[in-house]
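The following questions and answers concern a single protein model. Please examine the sequence and coordinates before reading on.

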Amino acid sequence: MGIYLMEAATKDYLWGGERLREEYHVSSEKSPLAEAWLLSCHKDGESKILLSNSAKLPLSSFLQENPKSVGDMGKEFPVFPMLIKLIDAKLPLSVQVHPDDKYAALEEGSLGKTELWVVLEREEGAFLYYGFKREYSKEEIRKAIEGHFLTEYLNKIPVNKGDVFFIPAGTVHAIGAGICIAEIQENSNLTYRVYDYGRKDKDGRERELHIEKALSVMNCKKTEIRDLTSSEPVLPENGAERLASCPYFTVERCSLKEGECHKRVVGKESFLSAILIDGSGKIVQKTVRKRTEEEGASLEESRQEMIAEKGNSFFIPAGSGEVEFYGAGNWLFSFLEK
């Protein structure tokens, strides 16, 4: 079916910066530019497929017209299962938590939110919050929220470029200032804010907190820190580094040097999202078609080549076959896997 460049939906949350526009080639008039939703069918921000005739089509419309492009595994979900963002936190995000699927379905009519972070850039001294230092009672946590010292209970983790964090639903967390990340997550926009530093929005009002709901869904036990980059990388047969896998996404990272080629087969099981998170490169797909006797029986080969800049996101439909990736840079691949 081809390789499709995506146009992101963008968000101008008050904590955002300008990195996504200046360094990651995200086109948007919004400022600050906090998030780019690179692969999204969500009603709160849908990305678009760029067609060969320069037309743009919402991803949901493309999938309706081409139902096989999501793959056999994608059809098992009631909605498109994945949402991928780039996030530029010039200022810290709120301390927050996301519900699991069961709670989200009962209370919100939505999917929950488990997510994966890949740190793309960070300023000197940047850190994030990830879960509790020890187990606390909900009453202790409530008092900490009311007393504005909740962050004293949280694991404060310095970050470096390339670090990877898997964040199950229920984990209290926050992205700190000076961090740019790629976030691969369930197709959900449910966030319960626990603490927001007393900040006010553009209308001069403090942003809403969701303390009761947050207390209902958060994991209050001690959080075991799992920085996936601290262990030996898992390398599948295709040579990419396996970062994490769950029912909603599997994520791999591939680093290429100039002249190197990474080949993948995009089978009928799942689509492939490919994002160039650093450097420059290109994607090549060769298609071989057997001509009919009326056409003069022979093999006919076609070739599609797409140039990639840092921050570019591509959607490759299920069943596309072998795809080649070139360039000097780092690719992030996301797909569904049993």
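**Salt bridges, pocket and selected residues**

The structure holds 26 salt bridges, a salt bridge being a side-chain nitrogen of Lys or Arg within 4 Å of a carboxyl oxygen of Asp or Glu. This is a predicted model, in which local features need pLDDT of at least 70 and side-chain atom pairs count only at pLDDT 80 or more, while totals for chains, interfaces and linings use all residues. Residues are numbered from 1 along each chain as its sequence is written, and side-chain values use heavy atoms, with hydrogens and water left out.

Q: Which parts does the salt bridge between Glu 183 and Lys 85 tie together, and how many residues apart in sequence are they?
A: The side chains of Glu 183 and Lys 85 meet with an N to O distance of 3.8 Å. Glu 183 belongs to strand 13 (residues 179-186) and Lys 85 to strand 6 (residues 82-89); helices (H or I, at least four residues) and strands (E, at least two) are DSSP runs, numbered from the N terminus. The pair therefore ties together strand 13 and strand 6, parts that are 98 residues apart in sequence.

Q: Are Glu 183 and Lys 85 buried or exposed?
A: Buried means under 20% relative accessible area, exposed over 50%, and partly exposed in between (1.4 Å probe, protein chains only). Glu 183 and Lys 85 also take part in a network of salt bridges with Glu 35, Lys 113 and Glu 115. By the accessibility rule, both Glu 183 and Lys 85 are buried.

Q: Which helices does the pair Glu 212 and Arg 142 tie together?
A: The side chains of Glu 212 and Arg 142 form a salt bridge at 2.6 Å, N to O. Glu 212 lies in helix 5 (residues 211-217) and Arg 142 in helix 4 (residues 138-146), so the pair joins parts that are 70 residues apart in sequence. Glu 212 is partly exposed at 46% relative accessibility, and Arg 142 is partly exposed at 25%. The elements tied together are helix 5 and helix 4.

Q: With which residue does Arg 199 form a salt bridge?
A: The closest N and O atoms of the pair are 2.8 Å apart.

Q: Which strand supplies the largest share of the lining of the largest pocket?
A: The largest pocket holds about 710 Å³ of space. On a 1 Å grid over the protein atoms alone, a pocket is an open set of points where a 1.4 Å probe fits, with protein on both sides within 12 Å along at least five of seven lines, and lining residues have an atom within 4 Å of a point; grid points are joined across faces, edges and corners, and a volume is the space filled by probe spheres set on the points. Of the 29 lining residues, the closest to the centre are Tyr 13, Trp 15, Thr 191, Arg 193 and Arg 207. The largest share, three residues, comes from strand 12.

Q: Which residue caps the N-terminal end of helix 3?
A: Helix 3 covers residues 101-108 and is followed by Gly 109, whose phi is positive, near 65 degrees. At the N-terminal end, a side-chain oxygen lies 3.3 Å from the backbone nitrogen of Lys 102. The capping residue is Asp 100.

Q: Where is Gly 176?
A: Gly 176 is buried, at 5% relative accessibility. Not counting residues up to four places away in sequence, Gly 176 touches Ala 89, Pro 92, Phe 127 and Leu 128, contact meaning heavy atoms within 4.5 Å. Gly 176 and Ala 126 are 50 residues apart in sequence and 6.4 Å apart in space, C-alpha to C-alpha. The place of Gly 176 is the loop between strand 12 and strand 13.

Note on methods
A polar contact is a pair of N or O atoms within 3.5 Å; within protein, one must be able to donate a hydrogen and the other to accept it, and residues adjacent in sequence count only if both atoms are side-chain atoms.
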